[in-house]
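Colleague: I am new to this one. Could you walk me through the terms as we go?

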Amino acid sequence: MLIEVVNVVILALLAVTALAAVRLNDLFAVTMMFGIYSLLATIMFVVLDAIDVAFTEAAVGVGISTVLMLGTIGLVGRRARKASHRPILPLIVVIITGAALVYGTLDMPRFTDPAAPVHQHLGPYFLNESPDQIGIPNVVTSILASYRGYDTLGELAVIFTAGIGVLGLLGLRRRKRPGHEGGAR
Amino acid sequence: MNDNPVLRIVAKIIIPMILLFALYVQFHGDYGPGGGFQAGVIFAAGFILYGLVFGTEALRSAVPPHILRIFIALGLVLYAGVGVTTLLMEADFLAYNALSQDPVAGQHLGIFLVELGVGITIGAVMITVFLGFAGRNDP
């Protein structure tokens, strides 16, 4: 009962934060809203007992991405420009997509249903065999690094590529401001 | 923010703790929540805090960009290198059992190494991205 109340409160706060982020014009405030949104998502993951995911969300969503967005605001300025078109068409697209997604969830097994396919297939195998085969207490780590080692290698390659992309686009050399010693680049 | 003494002193006290906590998360990931991804981000957060408080120029002399570039690749090479090592030991790619006589000890060693690779690359990429964005409009 208590868990349901907590879930409803967090989901309501998530919706309020998202709406506030859309409505606000000050990009600094919007960034803070995103940070709050990530923090609420972290609490949600803790309530769902997904501590490793909550940890990642807290470190990446609340910490690093807030700092990176602030760095971007330092480059582009603090005010959002007024949209030049009316937001009717995007709104319709978003509503239809959202309705389709909600319709899709109707077919999904109930939350915490032990008969759900996800709890019948590989999940029990990992949970039962991990102590003997891998021998470390944290099953999340053993799945991530050993059973699903290929996936994690792929994820790391994605992050590596992202880093290379930022290096290629922005570079790390110090830029002179236009006017100082002639020219920006 | 350079002239705020409270911020500077608090940052100086807290940054070593952040880095130590990152190492704990990195090497304790087998036993509790955490692992390479989280540890890399937290480790980078310590350096980013340093860059925020003392300026990106100070951060750049603490971690020179050419070192960062090497570390970005080093983590991925370490991860893939574990896979190539198991291949050379006539097992499947990333089959850690081959790394040691005892399969479980092999798994421990393999997971330790790949998590370390993940942590190194993620930490270096995060600092790089921060420097790329925040270092652009230095006076």
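Colleague: What makes the crossing of α7(A) and α4(B) left-handed?

Modeller: The crossing of α7(A) and α4(B) is left-handed because a crossing gets that name if the near helix is turned anticlockwise from the far one by less than a right angle, and right-handed if clockwise. This is a predicted model: local features need pLDDT of at least 70, side-chain atom pairs count only at pLDDT 80 or more, and totals for chains, interfaces and linings use all residues. Residues are numbered from 1 along each chain as its sequence is written, while chains are lettered from A and ligands numbered from 1 in the order in which they are written.

Colleague: Why is α7(A) called roughly antiparallel to α4(B)?

Modeller: Helix α7 (residues 149-170) of chain A and helix α4 (residues 65-88) of chain B have axes that come within 10 Å and cross at roughly 160°. Angles under 35 degrees count as roughly parallel, over 145 as roughly antiparallel, 65 to 115 as roughly perpendicular and the rest as oblique. So α7(A) is roughly antiparallel to α4(B). Axes are lines fitted to C-alpha atoms, for helices over the stretch in contact, and angles run from 0 to 180 degrees between N-to-C directions.

Colleague: Which residues of α7(A) meet α4(B)?

Modeller: Leu153(A), Leu156(A), Ala157(A), Phe160(A) and Gly163(A) meet Ile72(B), Gly75(B), Leu76(B), Tyr79(B) and Ala80(B). Contact means C-beta atoms, placed from the backbone, within 7 Å. Ala, Val, Leu, Ile, Met, Phe, Trp, Tyr, Cys and Pro count as nonpolar, Asp, Glu, Lys and Arg as charged, and the others, Gly among them, as polar.

Colleague: What makes α5(A) roughly perpendicular to α6(A)?

Modeller: The axes of α5(A) (residues 123-133) and α6(A) (residues 139-147) come within 10 Å and cross at roughly 90°. That makes α5(A) roughly perpendicular to α6(A). The contact has 5 nonpolar, 2 polar and no charged residues. Among them, Phe126(A) and Leu127(A) are in α5(A), and Ile143(A) and Tyr147(A) are in α6(A).

Colleague: Why is α2(A) roughly antiparallel to α3(A)?

Modeller: Helices α2(A) (residues 27-47) and α3(A) (residues 51-76) pack at about 175°, with their axes 8 Å apart. That makes α2(A) roughly antiparallel to α3(A). The contact divides into 15 nonpolar, 6 polar and 1 charged.

Colleague: How many residues does each chain give to the contact between the chains?

Modeller: Chain B gives 46 residues and chain A gives 40. On the chain B side, α2 (36-54), α4 and α5 (103-134) each give two or more. The largest share, 19 residues, comes from α5(B). By class, that side has 28 nonpolar, 14 polar and 4 charged residues.

Colleague: What helices and strands does chain B have?

Modeller: Chain B has 5 helices and 0 strands. Both are DSSP runs, numbered from the N terminus: helices are H or I with at least four residues, strands are E with at least two. The C-alpha atoms of chain B fill a box of roughly 60 × 30 × 15 Å, taken along the principal axes.

Colleague: Where in chain A does pLDDT stay under 50?

Modeller: Over residues 179-185 of chain A. pLDDT is the predictor's confidence in each residue, from 0 to 100. Where it is low, the predicted coordinates should not be read in detail. For chain A the mean pLDDT is 86, and 92% of its residues reach 70 or more.

Key:
Two residues are in contact if their C-beta atoms, placed from the backbone, lie within 7 Å.
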